[in-house]
Amino acid sequence: MSEGPPAGGGPTVFVSYSRADRTRAEQLVAALQAAGLDVWWDELIAGGAAFAQSIETALDAAEMIVVAWSASSVASDWVRDEAAHGRDRGRFVPISLDGTPPPLGFRQYQAIDFSRWDGSGDAAETRRLLAAIHAGARGEAAAGRQAVSARTPTAMAARTGVSRRTWLAGGGVMALAAAGGIGWLSQRGEPRAANSIAVLPLTNLSADPAQAWFSDGLSEELRARLGQTGLFRVAAQVSSNQFRGQSVDARSVAAKLGVAHLLDGSVRRDGATMRITVELVEAETGLVKWSRDYDSRLTDIFAVQGDIAAMVTQAIAGTLTPAARAAVQDAGTTSVDAYDAFLKGRAAYQSDVDAGSDRAAAGLFDQAIAADPRYAQAWAARASALLDIGANYATAAEMRDLYAKAVASAQRAVELAPRLAMAQLGMGDALFTARLDARAAAPWFARAHDLGSEDAAILVPYAFFAAKTGHNSAALAAIEAAMALDPLNPLVPRAKGRMLYYGGHWDAAIAAARMALGMNAQLSGAHGDIGRALVMQGQLPAAAATFAQEPRADVRLTGQAIVAGRQGNRAAGATAMAQLQAQFGETIMYQIAQIHAQWGEPGPAIAALQRAYALLDSGLSQMACDPLLTSLRGDPRFVALRAALGL
């Protein structure tokens, strides 16, 4: 058997796919062959043949390369390499089997949506694919590629309804390549921007291990200052912190984070003095590009941070513009007491243990504000802590007061620092969560994204807001950019899964949630995400088994009630719902609405939603895109409530 594409009358086509999608790939090959095309796929490799050599020969011989993107194939190095081969030759036709967007580096090529393809040769999807193949084989692919590349960011923003900086973030590595030049390849097969950097957690060498909040805080402040220059793509905190205490070589760490440089070091704090040692490592060679020791008093912490950020900027970018110099010198406060309290508060808030840790964080942010009433970051952080306490731990009676304080804190942060992305985000989040006002929140989220489009901590909440307000393309673009910046954080693929779920892409949503669980098997919410997608697919026994594994009681009980009722066991469903209400009171009225909607009871479902609205239940923010409420969308009462929320 020949190792190259078979001979025939039509263009020769190479089909690239993931093994997990073999059944769909077989249908695709059959449809293309039925249309008279000569199709090569890896099933044609002769027994005993060299696999890689056979594929390379077929790729070189093919006139067009059809790449089938999916939740599985976007993670496949084989598929990415084959796609790059076709892209670079101008012979590239992408399709999406399940609605998954293309990975970074391929998103400027529009993929044909095959998520609802019935497998037939006369379907609209098949006709579009055949037209693209024939056009490309006639030499029109290169012209089409030039037309895509010629689209200005402004034009793309107008088409997608996303700002210019959103478009750049959606372009991921390719956009960064245009700005800063492509470096070498990451372990994931994607080009690393030459201006990309990860700040690893500085080692705490103080006598007191509890001083780790200070070394961690210093690491995060350096990330922020480098990000504020606008010159760097900075890996996010959670992914960077995965390497705490590990003895791993620079190349390996950089490959996993997808960056070209690493900033590492240590901190020793002793009363009013400190010693900070830092070194900048070039990941490709493993060589130290710059290093320095700082022995100084604690009161010099802001100057030391500024000097480190300035020296790193000069070492990588080769220059320090006036704007960049101002950015690296901006500490947000000149009070060491305020800074100490803020770092302690942030450490408590990020620990995310329970209501106690969030309340402790809010108290520490209050201390920071008392020491420096103009400390915008502390005001913004206080708003976030109060919102979380109100949404997750407060009684219905406490919630309104907490929400009012959160809105006031967010307003003060914006007044003090109108160009601080986190302040803009806090204002949007406060209006959306505390007042359930999507219209009022929208410009704040947009502004936060414009200011923080290279910050995963901004991109993820922005993506959720975009998804909940019906802007799915913007949501997925933002979450993909966040995954590139924070590749080892399980919360990001979990978030991506929820956005795919909102869009009705059940298989892709399940795959993303499983990716998150692969990073952290104890991650809360992910089993519930899989269970809900299985419910929508009608796989109720599998959904029941999955919900049973969910550690979060409210998610687990809601899922169990839905499944039991859907299976005809209303007694078991009622028992689970009663347990849910007994444990959480009226704070879970939105979940009660989900249960009744899935039981086919629109009256009680609408009543629960109306009660949730009266209680300012933040769960309502997802009502417009929640698949569990699909049966209610034509109800005038549902329409009226959705309009009241501005969704």
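In what order do the five strands of the open sheet lie, and is their pairing parallel or antiparallel? The order is 2-1-3-4-5 and the pairing is parallel, where strands (E, at least two residues) and helices (H or I, at least four residues) are DSSP runs numbered from the N terminus, and two strands pair if DSSP finds at least two bridges between them.

The model is predicted, and for that reason local features need pLDDT of at least 70 and side-chain atom pairs count only at pLDDT 80 or more, whereas totals for chains, interfaces and linings use all residues. Residues are numbered from 1 along each chain as its sequence is written, and side-chain values use heavy atoms, with hydrogens and water left out.

**The sheet and its helices**

At the edges of the sheet stand strand 2 (38-40) and strand 5 (112-113), each of which pairs on one side only. Strand 3 (residues 64-69) is joined to strand 4 (residues 92-96) by five bridges in the parallel sense, and Trp69 stands opposite Ser96 in strand 4.

Helix 1 (residues 22-34) lies across strand 1 (12-16), strand 2, strand 3 and strand 4, and runs at about 170° to strand 1. Helix 4 (residues 124-137), in turn, lies across strand 1, strand 3, strand 4 and strand 5, at about 145° to strand 3. Such angles run from 0 to 180 degrees between N-to-C directions, with axes taken as lines fitted to C-alpha atoms, for helices over the stretch in contact, and contact means heavy atoms within 4.5 Å.

**Aromatic pairs**

Rings of Phe, Tyr and Trp (its six-membered ring) pair if their centres lie within 6.5 Å, and planes under 30 degrees apart count as stacked, over 60 as edge-to-face and the rest as tilted.

| Pair | Centre to centre | Angle between planes | Class |
|---|---|---|---|
| Phe342 and Tyr375 | 5.2 Å | 50° | tilted |
| Phe432 and Phe465 | 4.9 Å | 80° | edge-to-face |

Phe342 belongs to helix 14 (residues 336-351) and Tyr375 to the loop between helix 15 (355-371) and helix 16 (376-392), so that this pair links distant parts of the chain, 33 residues apart. Phe342 is buried at a relative accessible area of 5%, and Tyr375 is buried at 1%, buried meaning under 20% relative accessible area, exposed over 50% and partly exposed in between (1.4 Å probe, protein chains only). Ring pairs also link Phe342, Phe365 and Tyr375 into a cluster.

Because Phe432 lies in helix 18 (residues 421-434) and Phe465 in helix 20 (residues 456-468), their pair ties together parts that are 33 residues apart in sequence. Phe432 counts as buried at 7% relative accessibility, and Phe465 is buried with a relative accessible area of 7%.
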